[in-house]
Amino acid sequence: MRIKNLLIGVLFLPSFLIGQNNLKQATALRISEKIKIDGILSEESWKNAEFYNDFRQYDPVFDLPPSQQTEVRILYSDNALYISAFLFDTAPDSLLKQLGNRDDNLNADAFGFMIDTYNNQNDFYTFEVSVSGVQKDSRDLDARFNAVWESAVSINDSGWIAEIRIPYSAIRFPRKNTQLWRIQFYRNLRRKREWSQWALETKGDAIKSSYWGELHGIENINPPLRLSLTPYMTFNAEHYPYNIPDKKNSSTSFSGGMDLKWGLDESHTLDLTLLPDFSQVQSDNQIKNLTAFETVYDEKRTFFQESIDLFNKGSLFYSRRIGRIPLNYDLVSSQLDSNEYIINNPYQAKLINAMKISGRNKKGFAIGFFNAITDNTFAIIGDSSKGERKILTDPLTNYNILVLDKAFKKNSSAYLINTNVIRDGSYRDANVTGGGINLLNRNNYYRINLTGAYSRIFNSSADKVIEGYKYYALIGKVKGNFLINISRSLVDDGFDNNDLGLMNNNSQVDNVLTMNYNIYEPFSKFLYLKNSLVLRNDYHFNTKKITFRGLTLTSNTTLNNYLTIWGNINTDFCKRHDFYEARSPGRFYLRPINTGGSINFSSDYRKTLALDGSMSLIWRPETEGFYQAYKLMPIVRLNNRFSFNYSFFISNNKNDIGYAGNDNSNNIYFGRRQLQNIENTFSGLYVVKNDVSFSCRIRHYWITGRYSDFYRLENSGLLSSSDDFNTNKDFNFNSFNVDVLFNWQFAPGSQLNLIWKNALLEENNLITYNYFDNFTQTLGYPQLNTLTLKIIYYIDYQNVRERLNTKRV
């Protein structure tokens, strides 16, 4: 009984027993004086402004005075918010000052602030500048947000100064006479790994913004007309040795387009891209995918990175669906006559335009609308006697998303979202509607999260409608040293959001218990210690067969010498019914029990040479299977301008059992295979100055697979030996990429990019066992080389207007 009462007390401690510190207050001084952003603070207005210096340590030792003092001042005008910080330092010659590109995580001191202009603890901006002058910004901690703002730094005998100007066009705030914003200032003293804050946040609280101070004094400012244009021009040259009739090995192209950003009112913004070009994005990490699920790639296109958080509600949106691999890309070869050949088969559907409208008003209500259109995509087929013809591989497609979101007091929220895909002709259309609510108690100790979605897929060619649903429910304690949550998710066998989202499996029920115990303060040789235990019981929705039952134990710590170590141990309690590896509806493979774990480490990045590494092991005793993987990544910072890292990964999967194929009698075959993978990646960056840099990335990925035995999959999910399947399934797969980029930001928001890319992708069944022999052979395969020059120019209405007014005066 005592234990029961103790558990009840831990989980349901009444919120009225937990108080909250009084919020700090800051006041901004209104000015009419023009401020020059130079990092000097010579204007009289800075001298007249009140300063705030009562910072406290967050790390490494909570709530101690910082080792160095910081003074912050706040000004505002009709057009912008100004923040200055004098960051005192008794050893300014020891400041860490690594240069880098915007938003890079640098080995450098930094000052920043976070501001919640709607005072709702749900939507905030972060602006940061390093002592080396590199800018960093985000919205709701999403670093893909990029605004245009000014900053400057200077170093003197007493420390260093950061001076920042945030034009009102870079943020959103309510239209009212008196503003009340939440604000937080912070400082990163890098050489001591010391993080200090003005309004000290409590560790273990997921809602950090509830501790921020209040910013007063901002009155009678009007949200400006937020209008900017970003036209661009691109010249592209390409070479690939096609060596086929009617197809040139070399080609050139010239294109142009424009991005538009228009503030419809003080809260909502229209973003539009016309004839977009994404040639400057980094190449994808191509891999050999042996699973039943598609390869997932990160989004690297700027338009689909910025201001996209609202459209991610419910996890129903995967932006790489737009401009995806055409639906019938892989079917082109099967439609050729004996004398035909492929001249061109585009790997991506052509994006014509995309737009999004998003914003949140002063009452916490947000709306988002997204639309994108991709054009018909054709493969060009050649015939020496009949000429050329086209095969449609992807139809004209319209993508839509509508989101409604309401932020309530005390950090709770609710949303409703609809995604819709309409394709021209007799292709399938899709409509998915979802909603959810997130509730936290008054002091953010306890949380309830409920979400659900309904999908409707219509295939006009088959005159068939498929409907499905899913839901997710979680209840838990989310604040303090001990955290616990219980969740359940269900996806029925008809739910499908893959037309505009990403879903690997349906017909699945997951029950999860997660417990965490965290020590946030230093003890013994540890700066902190975080531990987690996850228990899962998952089963197939239709058959109720177990798909996973097991546990995962993880731990994460940083030692006093700033060596970070983390690892996990996981095990199955029983065999798993895998309904996807067989690649046939209704069939399953009874996977043997797995037990495994990993250990990872990361050394102190302040050093000239740092080292990251990992080791992973998995045992499968029933099949004598054993997986081992090792990774090492030295990180070298030669000086403040030049840094590089090299990543070496090797894995060996002995006696792996996986799908091999099927025959005309619908028999499904699996194979025992030996898999070996080696991946080498080199990345380097040289920064001439903060707005001029050279970067290079070289990656070679090699994997081989040798099959020794084949088995037939029985209806029981077990495998039986078979000599009927004698197809050669061995493979030797190579992917090689080089990305070299010169970037020059010649004006705020404007840049010139010169990009050279080299790409090679080759697969055959002739395995080469020596790495260097394979690499030499790989470089002899045909390679695609592209050289792209792209010029982007940012035009802001407010800047143009201000310059014109200045000239008139």
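Modeller: We go from the whole protein to single residues. This is a predicted model, where local features need pLDDT of at least 70, side-chain atom pairs count only at pLDDT 80 or more, and totals for chains, interfaces and linings use all residues. Residues are numbered from 1 along each chain as its sequence is written, and side-chain values use heavy atoms, with hydrogens and water left out.

Biologist: How many helices and strands does the protein have?

Modeller: There are 4 helices and 45 strands. Both are DSSP runs numbered from the N terminus: helices are H or I with at least four residues, strands are E with at least two. The radius of gyration, taken over C-alpha atoms, is 29 Å, close to the 28 Å of the globule rule for 809 residues, so the protein is as compact as a globular protein of that length. That rule is 2.2 Å times the number of residues to the power 0.38. Along the principal axes, the C-alpha atoms fill a box of roughly 85 × 80 × 55 Å.

Biologist: How do I read a sheet?

Modeller: Strands of a sheet pair through backbone hydrogen bonds, either parallel or antiparallel. Here, two strands pair if DSSP finds at least two bridges between them.

Biologist: How many bridges join β18 to β21?

Modeller: The two strands are joined by 4 bridges, and β21 covers residues 377-383. Tyr341 has Gly382 in β21 as its bridge partner.

Biologist: And empty space?

Modeller: Rolling a probe the size of a water molecule over the atoms shows where empty space is left. A cavity is a set of points, on a 1 Å grid over the protein atoms alone, where a 1.4 Å probe fits but cannot get out; lining residues have an atom within 4 Å of a point. Volume is the space filled by probe spheres set on the points, which are joined across faces, edges and corners. The whole structure has 3 cavities of 30 Å³ or more. β24 (413-423) and β25 (428-440) each give two or more residues to its lining.

Note on methods:
On a 1 Å grid over the protein atoms alone, a cavity is a set of points where a 1.4 Å probe fits but cannot get out, and a pocket is an open set with protein on both sides within 12 Å along at least five of seven lines; lining residues have an atom within 4 Å of a point.
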